[in-house]
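Here is a short report on one protein chain. It goes from a single residue out to the whole fold.

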Amino acid sequence: MSFRKISAHKIYPISSSPIENGVIIIDENGKIIALDVLDKHDATTVEFFNGVIVPGFINAHCHLELSHLQGVAQTGTGLIDFISQVIKNRDHSQEIIQDAIAREENNMLQSGIVAIGDISNTTDTFSQKRKAHLHYYTFVEYFDLFQVQNTANTIEQYDAVFNALLETDKNKKSKVPHAPYSVSKKLFQHIIARSNEVDSYLPKTISIHNQETMAENELFLHKKGGFIDFYERIGFTTEAIPNIGQSAIHYALNFLNKADRNLFVHNTLSTKEDIARAQQQLGADHTFWATCPNANLYIENSLPNYNNFIANNSQVCIGTDSLTSNWQLNILEEMKTILKYQSYLSFETVLTWATLNGAKALGFEDVLGSIQVGKTPGLVLIENMENNILMANSVSRKIV
Ligand SMILES: [Zn+2]
């Protein structure tokens, strides 16, 4: 067995304190054998990189199958217009779809992403996922838009997608609800009941889009606003939408289960109280909050207030969302945005969001998320930082 010694100006293991001029010893499979300091090693046996080394990034929320739709939706029009534009433009030839999937997977890999929580409404990404270039947690996403007369058909349609994907060590899967504003009680009950079936991957991760726009809260607080207008415009009945007099996350909390890891995505409008309530019911240690800041800026021109998560000691992780709502699928770019607009947060805090917290959310923390003996996390070099601060021209690339 041969070993490599890899060093840089600073190493962030995440599971332990940063090491100035640290050395990481890995085996030929990239498994971490030891962490040390440069002084103790003959410099000619060490590969030295200019910059900082961090564990492979975890992209906790992506829609890889939408990669061919880059630039289709206009920025700043709000979520409801965004959804309408994506539905209108979704269909393309398989050749175009498959090319974009392979291209964007490779871009993510090169920039240091090692695992993806990926939403699938179709089987389009499955042949690429089978190549196991990255770890995937595939969330097969169900929605019936409250048209309960069609719920049985919806279930049949997405069950077929779910069954087409095989599970392996690098490829996990679960059935998930799309969002509070698009899933009926009947469908919620079906999905969550299914998620508790006894099988080899318990506990499962249940991902759900949450509180991305004002209209979503308005829908459940008063059964009024943009979503009611949207449903009426497309000729859909709103009869099965409940008026619960509470914000949208409370509707989902009627169905979500403490036995699962629950991953709320976006949370742009989640209040301190919403977050506390969810963590209290579902257990703070296996409740996760994915933020996709560039997508929030793209669609709604707003960002979550991260103080709400800090105040609740929440486990925040980071996603890119899809290329329909982002300029690139790159976790370092998401970190830059967070630190640009809410610079009270430290690089190290946001780095933990981008690595270990995402690995926990997807159930990959045994192998990924930190530079720790026995793990195979992938090693990422970040170049062009100044005084431990990310600059506009900082870049990341996978070195192991
Ligand atoms: Zn999404």
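Two residues are in contact if their C-beta atoms, placed from the backbone, lie within 7 Å. By that rule, histidine 92 touches His68 and Ile97, leaving aside residues up to four places away in sequence. The model is a predicted one: local features need pLDDT of at least 70, side-chain atom pairs count only at pLDDT 80 or more, and totals for chains, interfaces and linings use all residues. Residue numbers start from 1 along each chain as its sequence is written.

**Histidine 92**

Histidine 92 sits in the loop between helix H1 (79–89) and helix H2 (94–110). Helices (H or I, at least four residues) and strands (E, at least two) are DSSP runs, numbered from the N terminus. Is histidine 92 buried or exposed? Histidine 92 counts as exposed because it has 11 C-beta neighbours inside 10 Å. The cut-offs are 20 or more other C-beta atoms within 10 Å for buried, 12 or fewer for exposed, and partly exposed in between, with C-beta atoms placed from the backbone. Leucine 69 is 23 residues away along the chain, and its C-alpha atom is 9.1 Å from that of histidine 92.

**Helices H6 and H7**

The axes of helix H6 (residues 214–222) and helix H7 (residues 226–233) are 7 Å apart and meet at about 85 degrees. H6 is therefore roughly perpendicular to H7. That label covers 65 to 115 degrees; under 35 is roughly parallel, over 145 roughly antiparallel, and the rest oblique. Axes are lines fitted to C-alpha atoms, for helices over the stretch in contact, and angles run from 0 to 180 degrees between N-to-C directions.

| Helix | Residues in the contact |
|---|---|
| H6 | Ala215, Glu216, Leu219 |
| H7 | Gly226, Phe227, Ile228 |

**Domains**

The bounds come from an automatic or database domain assignment. Domain 1 spans 3–54 + 384–398, and domain 2 spans 57–368. Their centres, taken over C-alpha atoms, are 32 Å apart. Across the boundary, 11 residues of domain 1 are in contact with 14 residues of domain 2. Strand S15 (residues 395–398) gives three residues, the largest share of the domain 1 side.

**Whole chain**

The protein chain has 13 helices and 15 strands. Its C-alpha atoms fill a box of roughly 75 × 40 × 40 Å along the principal axes. Buried residues make up 48% of the 400 residues. Of the contacts with a separation of 6 or more, 72% join residues 24 or more positions apart.
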